[in-house]
Structure formats: structure tokens, C-alpha cells
Amino acid sequence: MDTPGLKKAMTTLEFLNQNKEARALYEMRKKALLDEQSALDYAESRGRAEGRLEGKLEGKLGIRILIRFP
């Protein structure tokens with residue numbers, strides 16, 4: 001157990017196993033972080049798809065699109 005990261009992980013695990021409230025807070029935080037990452041991944045993929053579509057339109061029309069309509 002000379003690795004600092006491993007020691008910290010073991011200490012955290014021991015604490016979470018003893019305290020139900022702390023474990024619940026940890027799980028909520030973990031879920032929030034995963035939800036946030038999922039939302040960012042979705043937004044990135046959607047932005048890339050829109051960029052590809054605009055690129056195709058610009059190529060076919062020979063003009064650059066400056067105005068977007070919802």
C-alpha cells in the first residue's frame with residue numbers, strides 16, 4: 001500500500017462502508033457527474049452532426065449559411 005492513490009481509495013472505501021449517509025451522498029454525486037458527462041457527450045455529437053449537415057449544404061449551394069432558423 002505504498003501508492004498514495006490506492007491508500008486514499010481504501011480509506012474512502014472504508015469510510016463509505018461505515019456511513020450510510022456519506023455513501024448516499026457519494027452515489028448522488030457520482031450519478032450527477034455521470035449525467036453531466038452524458039449531456040456533454042450528447043451535445044457534442046449533436047453539434048458535430050449539425051456541422052456536417054451545414055458543410056454539405058455549403059458545398060452543394062456554393063454559399064456560406066449565415067442565418068439559422070429554429
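A: Glu44 and Arg48 are separated by about one helical turn, because they stand four residues apart in helix H2. Helix H2 covers residues 20–61. Helices here are DSSP runs of H or I with at least four residues, strands are runs of E with at least two, and both are numbered from the N terminus. This is a predicted model, in which local features need pLDDT of at least 70 and side-chain atom pairs count only at pLDDT 80 or more, while totals for chains, interfaces and linings use all residues. Residues are numbered from 1 along each chain as its sequence is written, and side-chain values use heavy atoms, with hydrogens and water left out.

A salt bridge is a side-chain nitrogen of Lys or Arg within 4 Å of a carboxyl oxygen of Asp or Glu. In general, side chains of opposite charge can pair when their charged atoms come close. Glu44 counts as partly exposed, at 42% relative accessibility. On this scale, buried means under 20% relative accessible area, exposed means over 50%, and partly exposed lies in between, with a 1.4 Å probe and protein chains only.

The structure holds three salt bridges. In another of them, the side chains of Glu50 and Arg46 meet at 3.5 Å, N to O. Glu50 and Arg46 also both lie in helix H2, four residues apart, which is about one turn of the helix. Glu50 is partly exposed, with 30% relative accessibility, and Arg46 is partly exposed as well, with 47%.

Asp35 is partly exposed, with a relative accessible area of 42%, whereas Lys31 is exposed, with a relative accessible area of 51%.

Helix H2 also contains Asp41. The side chains of Asp41 and Gln37 are joined by a polar contact of 2.9 Å. A polar contact is a pair of N or O atoms within 3.5 Å; within protein, one must be able to donate a hydrogen and the other to accept it, and residues adjacent in sequence count only if both atoms are side-chain atoms. Asp41 counts as partly exposed, at 41% relative accessibility.

The setting of helix H2 can now be described. The protein chain has two helices and zero strands. Helix H1, residues 4–18, contains Leu6, and Thr12 has its place in helix H1 too. Thr12 is partly exposed, with a relative accessible area of 35%. Between the C-alpha atoms of Thr12 and Arg23 the distance in space is 9.9 Å, and the two residues are 11 residues apart in sequence.

For the chain as a whole, buried residues make up 3% of the 70 residues. The protein chain exposes about 6800 Å², and carbon and sulfur atoms supply 60% of this area. Accessible areas come from the Shrake-Rupley method with a 1.4 Å probe; for residues, only the protein chains shown count as cover.
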